[in-house]
Amino acid sequence: MKADRTLVMGILNVTPDSFADGGKHFDFASAITRAKEMIAEGVDIIDVGGESTRPGADRVSEDEEKDRVIPVVTELVELGAVVSIDTMRASTAQAAIGAGATYVNDVSGGLADPDMAKLIAKNPSIQYVVMHWRAHSATMQDAAVYEDVVVEVKQELDDRVTALLGAGVNAEQLILDPGIGFAKNAEHNWELLRNLDRLALLGYPLLVGASRKRFLGELLGANSPDDREFASVALTSQLAQAGIWGVRTHSVKPHRDAIAVVEELNK
Ligand code: PMM
């Protein structure tokens, strides 16, 4: 799926414990209020997640995850939003697709749940975000070991693509994501961001989720995720200039504005 301009995927974490917005939109009413703000600010896709993936996080049960996200997905579809479900579980993805979600954002790229590939293959109208992932959050930072992070992330994404296509998923359904902060230290993240053109050689649209992440805080000495906002927007303008398909962000308007500026400069 080719976009004319870089798309903004707005993050809506219906969780008590996500690193940047945990607890802020945990109840249904607050989640919908935040989603309406994002829609008013021109969000392209709303990414609804019910399980925190911050380093060290424990998993939530399947029932708890569905209870958190499905009512929100249903309401957002009702409001006319394009909805993505951020889940590693095929059953949650299936319920969200049933409720009208059109994107499945799987931070494990299909590795966490063997049923995910089959589900995506069975639903050819669904776009599937395949993120680079090595291990669940509780242990992922132990897996942040690379000889050459760009070569290895590219190879591991390519392996996922091969497996997914082999399971019957269409190439047109796939969007790849380097998985900033997932089994990566700050230098790994920067190295990947410096070399996205090499990941683009795989031939798929790229999504990047760098918004307010810790490596930006390490650069700036900003402990609070909110204090990483300007850096996040600066990164979005560079990514838009590089022609990336989409950015996954906490705020919407600042990123839409940055993308509009880049678009105008490129006319
Ligand atoms: N990061 C988080 C969660 N989901 N999905 C994709 N595709 N890419 C990411 O980088 C990504 C993700 C963790 O951040 P959050 O806790 O703010 O959602």
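Q: Buried means under 20% relative accessible area, exposed means over 50%, and partly exposed lies in between (1.4 Å probe, protein chains only). Which of these is Asp115?
A: Asp115 is partly exposed, with a relative accessible area of 40%. This is a predicted model, in which local features need pLDDT of at least 70 and side-chain atom pairs count only at pLDDT 80 or more, while totals for chains, interfaces and linings use all residues. Residues are numbered from 1 along each chain as its sequence is written, and side-chain values use heavy atoms, with hydrogens and water left out.

Q: What does Asp115 form a salt bridge with?
A: The partner is Lys118, with the closest N and O atoms 3.0 Å apart; a salt bridge here is a side-chain nitrogen of Lys or Arg within 4 Å of a carboxyl oxygen of Asp or Glu. Lys118 is also partly exposed, at 47% relative accessibility.

Q: How many salt bridges are there by this rule?
A: The count is 17.

Q: Where do Arg34 and Glu37 lie?
A: Both belong to helix α1 (residues 28–40), three residues apart, or about one turn of the helix. Helices (H or I, at least four residues) and strands (E, at least two) are DSSP runs numbered from the N terminus. Arg34 and Glu37 form a salt bridge, their closest N and O atoms being 2.8 Å apart.

Q: Is Arg34 buried or exposed?
A: Arg34 is buried, at 13%, whereas Glu37 is partly exposed, at 37%.

Q: Changing topic, which residues are linked in a network of salt bridges?
A: Asp47, Asp86 and Arg248 are linked in this way.
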